[in-house]
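Here is a short report on one strand and its pairing partners. Please keep the model open while reading.

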Amino acid sequence: MESFTEEDLKVPEVKYEYLDHTADVQLHAWGDTLEEAFEQCAMAMFGYMTEIDTVQICERQVVEADGHDMLSLLFHFLDECLFLFCADPFFIARKVSILEFDRTKFHIRAAAYGEEFQIGKHPQGSEVKAITYSNMQIHDNEGKFEVFVIIDI
């Protein structure tokens, strides 16, 4: 088992919610920084796939994503996180921490902390088929950053 620092194991406060949307689900996440809003959005997506409280921090996966603007960066970041779940080792994250966030080159490098998804241990929530650009939004409201992303379920 990989060793983690106390900070690695600290799970952040939940700053996201699920909004109803016809045939899909809209993730609404927020934070004190844009990085925190992105992290919370990724955790919201993982939380929609299972009861996140059942996920233990046993391993870490690194995710990297690039875009050509902030919306495409958010899209590709979430898409890479979804790929972790959809491909071997079928990884589900309890916590996501952005390690690098380049706002001019539109690059993210993040650590996802969690474990391999196991039927029986982790209740199966809704399958997330894809991230969409539909009505994707990023807002800076005087120090409160918000993101809205519709996921195809």
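This is a predicted model: local features need pLDDT of at least 70, side-chain atom pairs count only at pLDDT 80 or more; totals for chains, interfaces and linings use all residues.

Residues are numbered from 1 along each chain as its sequence is written, and side-chain values use heavy atoms, without hydrogens and water.

Strand β8 spans residues 144-152. Strands are DSSP runs of E with at least two residues, numbered from the N terminus. Seven of the nine residues in β8 are buried, so the strand is largely enclosed by the rest of the structure. Buried means under 20% relative accessible area with a 1.4 Å probe, protein chains only.

Strand pairing requires at least two DSSP bridges between the strands.

| Partner strand | Sense | Bridges |
|---|---|---|
| β2 | antiparallel | eight bridges |
| β6 (residues 130-131) | antiparallel | two bridges |
| β7 (residues 137-141) | antiparallel | five bridges |

Ala-29 partners Val-147 of β8. Ile-131 partners Ile-151. Asp-140 partners Phe-145. The β7 and β8 hairpin has two residues between its strands, and Glu-142 there takes a positive phi near 50 degrees.

Asp-24 lies in β2, which covers residues 24-31. Asp-24 touches Ile-150, Ile-151, Asp-152 and Ile-153, leaving aside residues up to four places away in sequence. Contact here means heavy atoms within 4.5 Å.

Which side chain of opposite charge is nearest to Asp-24? It is Lys-129, 7.7 Å away. Asp-24 is buried yet has no salt bridge, a term for a side-chain nitrogen of Lys or Arg within 4 Å of a carboxyl oxygen of Asp or Glu. Lys and Arg count as positive, Asp and Glu as negative; His and the chain ends are not counted.

Key. Helices (H or I, at least four residues) and strands (E, at least two) are DSSP runs, numbered from the N terminus. Buried means under 20% relative accessible area, exposed over 50%, partly exposed in between (1.4 Å probe, protein chains only).
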